[in-house]
Each structure stands twice: as structure tokens, then as C-alpha cells.
Amino acid sequence: MERNRDRGKIKWTSLMLPEHLERLRGWQQEDQYTERPELSDFELQSMQQTLETAWHRKCEVVIKTWHEGQVHHYQGIIEALNPSASVILLRDPFGTDRLSVPDIIDVQLAKDVEGI
């Protein structure tokens with residue numbers, strides 16, 4: 001005999017107070033939190049060289065950033081590097097993203113990533 005498992009969720013959700021739902025959402029966000037990786041000087045220099053090479057050659061790059069516990073992936077061509085403002089403009093088919101340099105945790109040329 002099969003039971004409809006959705007009815008139980010609907011039943012209990014309607015009985016929860018807004019404060020309970022808010023606390024459950026907070027716990028879910030805590031579970032999804034990712035610690036910022038510690039990067040060595042070698043890794044930082046390697047990322048800088050990859051960024052400069054990709055910018056000069058107009059190569060497509062994959063950039064991974066960390067911001068407030070979330071890791072985001074971007075792929076595109078670097079349009080501009082602004083060291084004084086610590087900003088990179090990355091163009092992809094959907095528009096241009098403005099990335100903060102201190103948030104970057106990994107940079108790879110796209111052709112190197114495709115082989116994985």
C-alpha cells in the first residue's frame with residue numbers, strides 16, 4: 001500500500017510558525033556555507049600570471065570566486081583588468097560580469113578545464 005508522502009509535508013508546513021520557518025531557512029543556509037580556502041603565495045602568483053596571460057591573448061578563462069560563504073563559477077573573456085580598483089571585467093555570451101579580485105580563489109584557462 002503506497003502513501004502520498006507530499007501530504008505529510010504539506011500538513012506539517014501549514015502548522016509551523018513563521019519563526020520556525022525562518023530558523024529552518026537559517027539552518028539550511030548554514031549547511032550550504034563554504035569556508036574560504038586559504039591560498040599560498042605560489043597559488044596567488046600562478047593565478048595572477050594566468051589572468052595576465054588570458055587578458056593579453058584574449059583567451060577564455062574559468063574563474064571561481066568566493067563571497068559570503070558561496071562559491072561562484074564564471075567563464076568568459078577578460079575585457080579589462082583594473083588593478084587600482086581590484087576589478088576584472090569578464091565578458092560572456094550573456095553580458096559582462098564585474099568580479100572583485102580579492103574574491104577570486106581559482107583561475108584556469110578554459111581549454112585546460114575542457115579536458116577534465
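User: Is His56 buried or exposed, and at what relative accessible area?

Analyst: This is a predicted model. His56 sits in helix H3, which covers residues 41–57. Exposed means over 50% relative accessible area. His56 is therefore exposed, at 61%.

User: How far apart are the C-alpha atoms of His56 and Ile78?

Analyst: Along the chain, 22 residues separate His56 and Ile78.

User: Which elements give two or more residues to the largest nonpolar core?

Analyst: The largest nonpolar core has 12 residues, including Met47, Leu51, Ile63, Ile78, Leu90 and Val107. Nonpolar side chains tend to be buried together in soluble globular proteins. The elements that give two or more residues to this core are H3, strand S1 (60–67), S3 and strand S5 (104–109).

User: Which residues does Leu51 touch, leaving out those up to four places away in sequence?

Analyst: Leu51 is one of the residues of the largest nonpolar core. Contact here means heavy atoms within 4.5 Å. With residues up to four places away in sequence left out, Leu51 touches Ile63, Ile78, Leu81, Ile88, Ile104 and Val107.

User: In what order do the strands of the open sheet run, and which are the edge strands?

Analyst: Five strands form the open sheet, and the pairing is antiparallel. The order is S4-S3-S2-S1-S5. An edge strand here pairs on one side only, and that picks out S4 and S5.

User: What angle does the direction of H3 make with that of S5?

Analyst: Neighbouring strands of the sheet are turned by 45 degrees against each other on average, direction ignored. H3 packs on this sheet and touches S1, S2, S3 and S5. The direction of H3 makes an angle with that of S5 of about 50 degrees.

User: How many bridges pair S3 with S4, and how many residues lie between these strands?

Analyst: S4 covers residues 95–100 and pairs with S3 in the antiparallel sense. Arg91 stands opposite Thr96 in S4. The pairing runs over six bridges, and the number of residues between the strands of this hairpin is two.

User: Which residue takes a positive phi in the hairpin of S2 and S3?

Analyst: S2 and S3 pair in the antiparallel sense over five bridges. Asn82 has Val87 as its bridge partner in S3. The hairpin has four residues between the strands, and the one with a positive phi, near 55 degrees, is Ser86.

User: How many salt bridges are counted, and which residues form a salt bridge?

Analyst: Side chains of opposite charge can pair when their charged atoms come close. The cut-off is 4 Å between a side-chain nitrogen of Lys or Arg and a carboxyl oxygen of Asp or Glu. The closest N and O atoms of the pair are 2.8 Å apart. The count is one salt bridge, formed by Glu79 and Arg91.

User: Why does the pair of Glu79 and Arg91 tie together separate parts of the chain, and how far apart in sequence are they?

Analyst: Glu79 is partly exposed at 36% relative accessibility. Arg91 is also partly exposed, at 39%. Glu79 lies in strand S2 (residues 70–82) and Arg91 in strand S3 (residues 87–92), so the pair ties together parts whose separation in sequence is 12 residues.

User: Is Thr65 buried or exposed, and at what relative accessibility?

Analyst: Thr65 lies in strand S1. Its contacts beyond four places in sequence include Tyr74, Asp103 and Ile104. Buried means under 20% relative accessible area. Thr65 therefore counts as buried, at 5%.

User: What is the C-alpha distance between Gln70 and Glu35?

Analyst: Gln70 is found in strand S2 and is partly exposed at 34% relative accessibility. Gln70 touches Gln32 and Thr65, not counting residues up to four places away in sequence. Glu35 is 35 residues from Gln70 in sequence, and the C-alpha to C-alpha distance is 8.4 Å.

User: How many residues of H2 are buried?

Analyst: Helix H2 (residues 18–31) has 14 residues. From first C-alpha to last, H2 reaches 20 Å, close to the 20 Å expected at 1.5 Å a residue. H2 lies largely in the open, because the number of its residues that are buried is zero.

Methods: Residues are numbered from 1 along each chain as its sequence is written. This is a predicted model: local features need pLDDT of at least 70, side-chain atom pairs count only at pLDDT 80 or more; totals for chains, interfaces and linings use all residues. Side-chain values use heavy atoms; hydrogens and water are left out. Buried means under 20% relative accessible area, exposed over 50%, partly exposed in between (1.4 Å probe, protein chains only). A nonpolar core is a set of buried Ala, Val, Leu, Ile, Met, Phe, Trp, Tyr and Cys residues joined through side-chain atoms within 4.5 Å. The expected span of a helix is 1.5 Å times one less than its number of residues. Two strands pair if DSSP finds at least two bridges between them. Axes are lines fitted to C-alpha atoms, for helices over the stretch in contact, and angles run from 0 to 180 degrees between N-to-C directions.
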